[in-house]
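Reader: I am new to this one and would like a friendly tour. Could you show me the structure before we talk?

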Amino acid sequence: MIKIKKGKAPDFLLGKTIKNRIKKVLKEKNKHNFSYDNKKKEVRNKLKKDFKNKCCYCERDEVGGVELQIEHFRPKKAVKECKKNKENFGYYWLAYDWDNLLLSCSTCNKKKGTSFPIENEKDRIHKPVLDEKGNLKMIKNL
Ligand SMILES: [Zn+2]
């Protein structure tokens, strides 16, 4: 296992555009049409640099023809383990959170899918956590 020290988020995930996008996400929840606009390559390249061009799960790299993808550690659309919850939302509010983004190969990404098991299901957070000013708390602040 390699130790990963993620650097600063790409500009796209830090600016005013993303703040407006997050407001939209909070309204639309998992119906939000998630998009990096034309910045997907920038985000992916930053992840590739931080993850030393390796899948965060199996450590395979692109040399063997493996495609590395942006992976949402906490799934954005739905969580497989929440099937009993009628509002089976994923962690949509973390879709643009740099700390929620990893780099994985297509095989691992597909295998993980929307799975995000936690030790005790009753401890799962189902709604975004906001501060006293109504700003979204990202993973770092939780
Ligand atoms: Zn992998």
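Predicted model: local features only at pLDDT ≥ 70, side-chain atom pairs only at ≥ 80, totals over all residues.

Reader: Of the 142 residues of the chain, what percentage count as buried?
Author: That cut-off of 20 or more C-beta atoms within 10 Å is applied to the residues of the chain. Of its 142 residues, the share that counts as buried is 22%.

Reader: In what pattern do the helices and strands follow along the sequence?
Author: The chain has three helices and two strands. Reading along the sequence gives the pattern α-α-β-β-α.

Reader: What radius of gyration does the chain have, beside the value for a compact globule?
Author: Along its principal axes, the C-alpha trace spans about 45 × 35 × 25 Å. A compact globule with 142 residues would come near 14 Å, and the chain agrees with this, having a radius of gyration of 15 Å.

Reader: Among contacts between residues at least 6 apart in sequence, what percentage join residues at least 24 apart?
Author: Here two residues are in contact if their C-beta atoms lie within 7 Å. Among the chain's contacts between residues at least 6 apart, the share joining residues at least 24 apart is 72%.

Reader: Which residues is Glu42 in contact with, leaving aside its neighbours within four places in sequence?
Author: Glu42 belongs to helix H2, residues 40-50. Its C-alpha atom is 9.1 Å from that of Asp11, which is 31 residues away along the chain. Once neighbours within four places are left aside, the contacts of Glu42 are Pro10 and Phe12.

Reader: Near what value is phi of Lys29?
Author: Lys29 sits in the loop between helix H1 (16-28) and H2. It is partly exposed, with 15 other C-beta atoms within 10 Å. Its phi is positive although Lys29 is not a glycine, with a value near 50 degrees.

Reader: Is Lys52 buried or exposed?
Author: Lys52 lies in the loop between H2 and strand S1 (68-72). Phi of Lys52 is positive too, near 50 degrees. Because 11 C-beta neighbours lie inside 10 Å, Lys52 counts as exposed.

Notes: Residues numbered from 1 in each chain as written. Helix = DSSP H or I, 4+ residues; strand = E, 2+ residues; numbered from the N terminus. Buried ≥ 20, exposed ≤ 12 C-beta atoms within 10 Å, placed from the backbone. Rg over C-alpha atoms; globule rule 2.2 N^0.38 Å.
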